[in-house]
Amino acid sequence: MPAVQRMEASCLELALEGERLCKAGDFKGGTAFFEAAVQVGTEDLKTLSAIYSQLGNSYFYLKEYGKALEYHRHDLTLARTIGDRIGEGKASGNLGNTLKVLGRYDEAIVCCQRHLDISQEQGDKVGEARALYNIGNVFHAKGKQQLWGCPQEPGDLPADVRDTLQRATAFYEMNLSLVKELGDRAAQGRAFGNLGNTHYLLGNFIEAITFHRERLSIAKEFGDKAAERRAYSNLGNALIFLGQFHSATDYYRKTLQLSRQLKDQAMEAQACYSLGNTYTLLQQYDRAIDYHLKHLLIAQELNDRVGEGRACWSLGNAYVSLGNHRQALHYVRKHLDISREIGDRNGELTARMNVEQLMEALGMKEGDLSPCSSEFEMQGARPKFTKRNSMDSVDLWKYSSEKVLDLGTSVRSWARVRMFALQALLETKPARLFVDFAPLPTRCVQKLGRDPSDEDCFFDLLSKFQSSRMDDQRCHLDEGASSACVVCADASLLTSPQTEELFDLIASSQSRRLDDQRVSVSNLPGLRITQNNLGHLCAEPDLQEPGDDFFNMLIRCQSSRIDDQRCSPPEGSPRAPTVPDEDFFSLIQRVQAKRMDEQRVQLPSDSQDQAEQQAEVEPAARDSS
């Protein structure tokens, strides 16, 4: 066998072994074999394109997105060079997925749209379905990113965020229609799940429940326990906003059971966290404490300090509701220590105020505090519950049972859920409120409160600055030299030999710069150019020119790059693996912050007093009629 054929077989064998390892879940080992295959090289352009694609996907799963981007670009270049339209579409889709993860959403949409256009042109229904799903995914991720750190609850969205999520929903619906036509049940399950998630964010909770139940049915059909767990959790979240707390606990318990079967501790902790908060809404504080303690123990095992702080905060609130102020003080102090450690300024202020209020309720002073004011030795151990002897001891948290009972039948929108469910959770006496400050993030303040004239001022300043830079680059000539130049500026100079040489030099320089910007296939790693493939590489591929829609999207993408160059505000507190993204903690924070303003008393003027008295009399007069 010739040496070239032996080398070729070696490259293909390495690539096949890499593919086998990746299918088995060993992406690190598979990547090593693919890299070795590239080092050996091949003259088979189709094989090399497949290796690039697999390498890009492997690095994607290893979260090395820079390398993934590099190899997907190589794949796209090679596919365009050999005129492989289907390969070009797949490479564009892979680039779009990678750009989405990197947060470059506008560029990702351009690539995914290119994948969609090519798939429709080639009649590739499977590729078209994937492209529709990917575009929906990009809009979905963009909408969630726009929501992150902003105080909006599900359904209460700015117009631009709502538009983004609605576009995601539209692409998911087109994907669902196509995969139903293709009979792809697994893809239908993914579409149902994502439609449920987008409708949840849009505040369409009944529609979200419908889609998540479809997702649950398909997950059970395939025996996909992870997807089944996600569906149960999502159903519980949506039912909370409809006020159906008992049904939500059923789904959360199933989520907890499956998380334990899958040995996923982070998801187990999230289920415990959700159950603890739901039982708090149901005023079953003993059961709430039990689940919050389980959440605390797992957070400690996973070294999730943010999750520990949330658990301690929740435990402090639950013990206050039981009238056990001493035990509440123990967890509030732990919350204070953790907030200091992780640099959570808001959490620290909240915990400090709560400590002061509990010490006042207990008649304690700073010197009375021991290093550990706990009734039990081991951190996170099951507490000894103390019975309430009097309802007078519970004046930090008071609930209205009537409002909780009415939620199951009367609440049909998020606005009413917030008014009834969270008020039922948060109704307190003003003098004894557990305060939690939730200031509006800097990014949102700038977005909501910006004067429209500020943008014009900015561009005026920018234009003046740029014009001054142009002046700085001009040569300064004194009067004598400038007059001499005017005299010598003869038309004959434009046709002199020196001028022709100058123009030739400029032309050759510009042409070299254009060549530098062209992609050279000789730079593709692993490509061995031979007589067999030279014709494919040198021939001009019959490529269809992109349409106007593609260039319009590209222009919009480039125009948004100025936003990418602005300084972003500091990031908020880190996400906790044991706390779900859609959690009660943030909702309670926001409502508490709003209640502080509602509890302030404004001194009315005499005219206001008279107006209020008249307003109080008028309804009675109308009623009597």
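The model is predicted, so local features are reported only at pLDDT of at least 70 and side-chain atom pairs only at pLDDT 80 or more, while totals for chains, interfaces and linings use all residues. Residues are numbered from 1 along each chain as its sequence is written, and side-chain values use heavy atoms, with hydrogens and water left out.

The secondary structure of the protein consists of 28 helices and zero strands. These elements are DSSP runs numbered from the N terminus, with helices (H or I) of at least four residues and strands (E) of at least two. Of the 625 residues, 43% count as buried; buried denotes under 20% relative accessible area, exposed over 50%, and partly exposed the range in between, with a 1.4 Å probe and protein chains only. Among contacts (heavy atoms within 4.5 Å) with a separation of 6 or more, 66% join residues 24 or more positions apart.

Two packed helices are described by the angle between their axes and the distance between the axes. Here the axes are lines fitted to C-alpha atoms, for helices over the stretch in contact, and the angles run from 0 to 180 degrees between N-to-C directions. Helix α4 (residues 65–81) packs with helix α5 (residues 85–101) at an angle of about 160°, their axes being 9 Å apart. The two helices are therefore roughly antiparallel to each other. Angles under 35 degrees count as roughly parallel, over 145 as roughly antiparallel, 65 to 115 as roughly perpendicular and the rest as oblique. The crossing of α4 and α5 is left-handed, a term that applies if the near helix is turned anticlockwise from the far one by less than a right angle, with clockwise giving right-handed. On the α4 side, the residues that meet α5 include Tyr65, Leu69, His72 and Leu76, and their counterparts in α5 include Ala91, Leu95 and Leu99. By class, this contact of α4 with α5 holds nine nonpolar, five polar and four charged residues. In this classification Ala, Val, Leu, Ile, Met, Phe, Trp, Tyr, Cys and Pro are nonpolar, Asp, Glu, Lys and Arg are charged, and the others, Gly among them, are polar.

For helix α14 (residues 285–301) and helix α15 (residues 305–321), the axes come within 9 Å and cross at roughly 160°. That makes α14 roughly antiparallel to α15, and α14 passes α15 in a left-handed crossing. Residues of α14 in this contact include Ile289, Leu293 and Leu296, which face a set in α15 that includes Ala311, Leu315 and Tyr319. The contact of α14 with α15 comprises 10 nonpolar, six polar and one charged residues.

Helix α16 (residues 325–342) and helix α17 (residues 345–362) have axes that come within 8 Å and cross at roughly 155°. This angle makes α16 roughly antiparallel to α17, and their crossing is left-handed. Among the contributors are Leu329, Val332 and Leu336 of α16, together with Ala351, Val355 and Leu358 of α17. The contact of α16 with α17 divides into 10 nonpolar, five polar and five charged residues.

A nonpolar core is a set of buried Ala, Val, Leu, Ile, Met, Phe, Trp, Tyr and Cys residues joined through side-chain atoms within 4.5 Å. The largest such core has 33 residues, of which Leu165 and Tyr200 touch the most other members. Two or more residues each come from α8 (159–182), α9 (185–201), α10 (205–222), α11 (225–241), α12 (245–261), α13 (265–281) and α14. Helix α11 gives the largest share, seven residues. Beyond residues up to four places away in sequence, Leu165 touches His140, Gly143, Leu147, Leu157, Leu201 and Leu202. A second, separate core of 30 residues includes Ile109, Tyr133, Phe171 and Leu176.

Ala231 lies in α11 and is buried, with a relative accessible area of 1%. Apart from neighbours within four places in sequence, Ala231 is in contact with His212, Arg215 and Leu216; the C-alpha atoms of Ala231 and Leu216, 15 residues apart along the chain, are separated by 5.5 Å. Arg114, found in helix α6 (residues 105–122), counts as buried at 10% relative accessibility. Its C-alpha atom is separated by 6.6 Å from that of Ser92, 22 residues apart along the chain. Gln270 lies in α13 and counts as buried at 17% relative accessibility.
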